[in-house]
Number of protein chains: 2
Amino acid sequence: MSVEKLVACIKAKNNPTVAGLDARLEYIPAHIVSDCIARHGETLNAAAEAMRIFNHSLIDALCDIVPAIKPQAAYYELLGPAGAVVLADTIAYAHEKGMYVIADIKRNDIGATASAYAEAYLGRTIVGGSELPVYDADSCTVNAYLGTDGIEPFLKECRARQKSIYVLVKTSNKSSGEFQNRDMEGKPLYVRVAEHFAAWGEGLDTACGYNEVGAVVGATYPEEQKIIRSLIPKAYFLVPGYGAQGATAKDIANAFNDDGLGAIVNSSRGIMCAWKKTGKDGADFMEAARAEAIRMRDDIVSAIR
Amino acid sequence: MSVEKLVACIKAKNNPTVAGLDARLEYIPAHIVSDCIARHGETLNAAAEAMRIFNHSLIDALCDIVPAIKPQAAYYELLGPAGAVVLADTIAYAHEKGMYVIADIKRNDIGATASAYAEAYLGRTIVGGSELPVYDADSCTVNAYLGTDGIEPFLKECRARQKSIYVLVKTSNKSSGEFQNRDMEGKPLYVRVAEHFAAWGEGLDTACGYNEVGAVVGATYPEEQKIIRSLIPKAYFLVPGYGAQGATAKDIANAFNDDGLGAIVNSSRGIMCAWKKTGKDGADFMEAARAEAIRMRDDIVSAIR
């Protein structure tokens, strides 16, 4: 699913947000977790089953109002092979429900190895005469520290299969400036990364006006967002940091273009853990997640008008 | 297993090399692959089973002469959940055979997420009252683009469990200079990364003279290696790029300290695909891998004398 379809989904739902599905067990209501432990013991399989049920329920609760999900690979890897099963299942289920999927993997490696990652998350694995989909997300996040060699295999999948990527430009965390904001030959490193987008995005413009090569730009740094927005107007921004990490709707307004598009704002814990604020022990986690997703949508849509 | 044990293994085997276990199907002899496809069809399970057999055989062929293995996560992820099973199995089998394991994952994320990665690869996952090992490698590779936030959770596992990490400083690929060699306030970015090792390694010195915080420094850039070696003498270097990527033993001599220690040189395709050069269709892949590992050991040991 290209960035073009992401834009279509965002327009149809009038909602430029993505739900991060990054559950630790403590984010999952106790009745789900204890049921799974009762059936499978205190095992990684029990934890994975709880995560699967939680993800399916959240997708059911959100799919008609939220255009996309962003599973964060770390939380699936934390459950070992059983977590890998849930990651594949979650992506497939979101696709069934018409959602765009961003695999948040932040991979990076030398070319030959980056090819394996690109094939795993966006492409196909060849076994004998068969080309098999593996995780088959619509897009993924990529780290550019190794330069173009490590990006090119992902671009190849974008070209071949109408996929998209989000390259880390300016991350949302506190120490992101430690390297990203230091001056590199007259400009901050994050600007130097953004300067490569023209070359990386060659041949990947789409009819919606945006390029398949997007950028990760943290909501927590509105000034940098403004600078990056002006440098790469055709890049879709994946914007983490809203909610639990402290950024407000006002902080993310700079990530959008004048067309009201150009960015998709992530909320993970805000949506997943909304049930913790209603005093009902998680019995209402689906309704709570949906209510928070609507509140967030309205908050952001009103800020970018 | 701390860097201290790595050094003990290197000394015992007089061999500062690590075997990269990064098999694509085309690196595995056809008789293994076709057997697995005959049993499981053209599936990811067939490919994973071929990889498991190949890895076990290579570990059997190498464990008395090679101190460590480096599975590259990408090639396991390429096989989906079945690949995750093989990764866990490969690490466990190498441990049974007394080898040190470097999980080459190059992970990077905001603190909360980096914690999940650190727990998955070096630590434990908590389910109910149980602390469960997941991949449980001895060490892993980490990308520092996000700064200290993304490194600290790995350091926590190093402190708690005597694990080690290798932070990407100067990578072996062609475009590694695109960002890493550009000038950042008077010094190349890779030097700026190396400058953080003192803080990251605090409290992680070991009795062998080396710190648990190591560095990835490509064999393909001997000049940079020399500079980094002098900047962070107590960091163990993980050195990719020997063999298939073009670097010779002479090129990696700068990675070592005067004590003959301080670096472990990786070979992946050189060892895995050694059977392709003997004209025996892979029947002798174990012998060929062992012969190449011995040739490489002798080549490197003689260059650093």
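**Figure 1. Surroundings of I252(B) in the predicted model.** In this predicted model, I252(B) is in contact with A219(B), V239(B), Y242(B), A247(B), A263(B), V265(B) and I300(B), when its neighbours within four places in sequence are left aside. The residue belongs to helix α12 of chain B, which spans residues 249–252. Because 26 C-beta neighbours lie inside 10 Å, I252(B) counts as buried, the cut-off for that class being 20 or more.

**Figure 2. The largest nonpolar core and the contacts of A215(B).** The largest nonpolar core holds 228 residues, among which V167(A), A215(A), V239(A), V167(B), A215(B) and V239(B) touch the most other members. For A215(B), the residues touched are Y166(B), V167(B), V169(B), A194(B), I228(B), I232(B), A235(B) and F237(B), where residues up to four places away in sequence are not counted.

**Figure 3. Contact between chain A and chain B.** On the chain B side, 59 residues are in contact with 59 residues of chain A. Helix α6 of chain B, residues 111–121, supplies the largest share of the side of chain B that touches chain A, namely six residues. Divided by class, this side of chain B has 28 nonpolar, 19 polar and 12 charged residues.

**Figure 4. Packing of helices α3 and α5 in chain A.** The axes of helix α3 (residues 44–62) and helix α5 (residues 80–96) of chain A come within 9 Å and cross at roughly 15°. Angles under 35 degrees count as roughly parallel, and α3(A) and α5(A) are therefore roughly parallel to each other. The crossing of these two helices, α3(A) and α5(A), is right-handed. From α3(A), the contact is made by L44(A), N45(A), A48(A), M51(A), R52(A), N55(A), H56(A) and I59(A), while α5(A) contributes G80(A), A82(A), G83(A), V85(A), V86(A), D89(A), T90(A), Y93(A) and A94(A). Nine nonpolar, six polar and two charged residues make up the contact of α3(A) with α5(A).

**Figure 5. Packing of helices α2 and α3 in chain A.** Helix α2 of chain A (residues 30–40) and α3(A) have axes that come within 8 Å and cross at roughly 140°, and α2(A) and α3(A) are therefore oblique to each other. The crossing of α2(A) and α3(A) is right-handed. In α2(A), the residues I32(A), V33(A), C36(A), I37(A) and H40(A) meet N45(A), A46(A), E49(A), A50(A), I53(A) and F54(A) of α3(A). By class, the residues of this contact between α2(A) and α3(A) are eight nonpolar, two polar and one charged. N45(A) takes part in this contact with α2(A) and is also one of the residues through which α3(A) meets α5(A).

**Figure 6. Packing of helices α2 and α3 in chain B.** In chain B, the axes of helix α2 (residues 30–40) and α3(B) come within 8 Å, with a crossing angle of roughly 140°; α2(B) and α3(B) are therefore oblique to each other. The passage of α2(B) across α3(B) is a right-handed crossing. The residues that meet are I32(B), V33(B), C36(B), I37(B) and H40(B) in α2(B) and N45(B), A46(B), E49(B), A50(B), I53(B) and F54(B) in α3(B). This contact of α2(B) with α3(B) is made up of eight nonpolar residues, two polar residues and one charged residue.

**Figure 7. Contacts of I65(B) in a loop of chain B.** I65(B) lies in the loop between α3 (44–62) and β2 (68–71) of chain B. Because 15 other C-beta atoms are found within 10 Å, I65(B) is partly exposed. Not counting residues up to four places away in sequence, I65(B) touches K13(B), N15(B), A293(B), I294(B) and R297(B). The C-alpha atoms of I65(B) and I10(B), which are 55 residues apart along the chain, are separated by 9.3 Å.

Figure 8. D281(A), although not a glycine, has a positive phi of about 55°, and the residue lies in the loop between α13 (269–272) and α14 (285–304) of chain A. With 12 other C-beta atoms within 10 Å, D281(A) is exposed. N14(B), likewise a residue other than glycine, has a positive phi near 45° and is found in the loop between α1 (3–13) and β1 (17–21) of chain B. N14(B) is exposed, with 12 other C-beta atoms within 10 Å.

Conventions
Residues are numbered from 1 along each chain as its sequence is written. Chains are lettered from A and ligands numbered from 1 in the order in which they are written. This is a predicted model: local features need pLDDT of at least 70, side-chain atom pairs count only at pLDDT 80 or more; totals for chains, interfaces and linings use all residues. Two residues are in contact if their C-beta atoms, placed from the backbone, lie within 7 Å. Helices (H or I, at least four residues) and strands (E, at least two) are DSSP runs, numbered from the N terminus. Ala, Val, Leu, Ile, Met, Phe, Trp, Tyr, Cys and Pro count as nonpolar, Asp, Glu, Lys and Arg as charged, and the others, Gly among them, as polar. Axes are lines fitted to C-alpha atoms, for helices over the stretch in contact, and angles run from 0 to 180 degrees between N-to-C directions. Angles under 35 degrees count as roughly parallel, over 145 as roughly antiparallel, 65 to 115 as roughly perpendicular and the rest as oblique. A crossing is left-handed if the near helix is turned anticlockwise from the far one by less than a right angle, and right-handed if clockwise. A nonpolar core is a set of buried Ala, Val, Leu, Ile, Met, Phe, Trp, Tyr and Cys residues joined through C-beta atoms within 7 Å.
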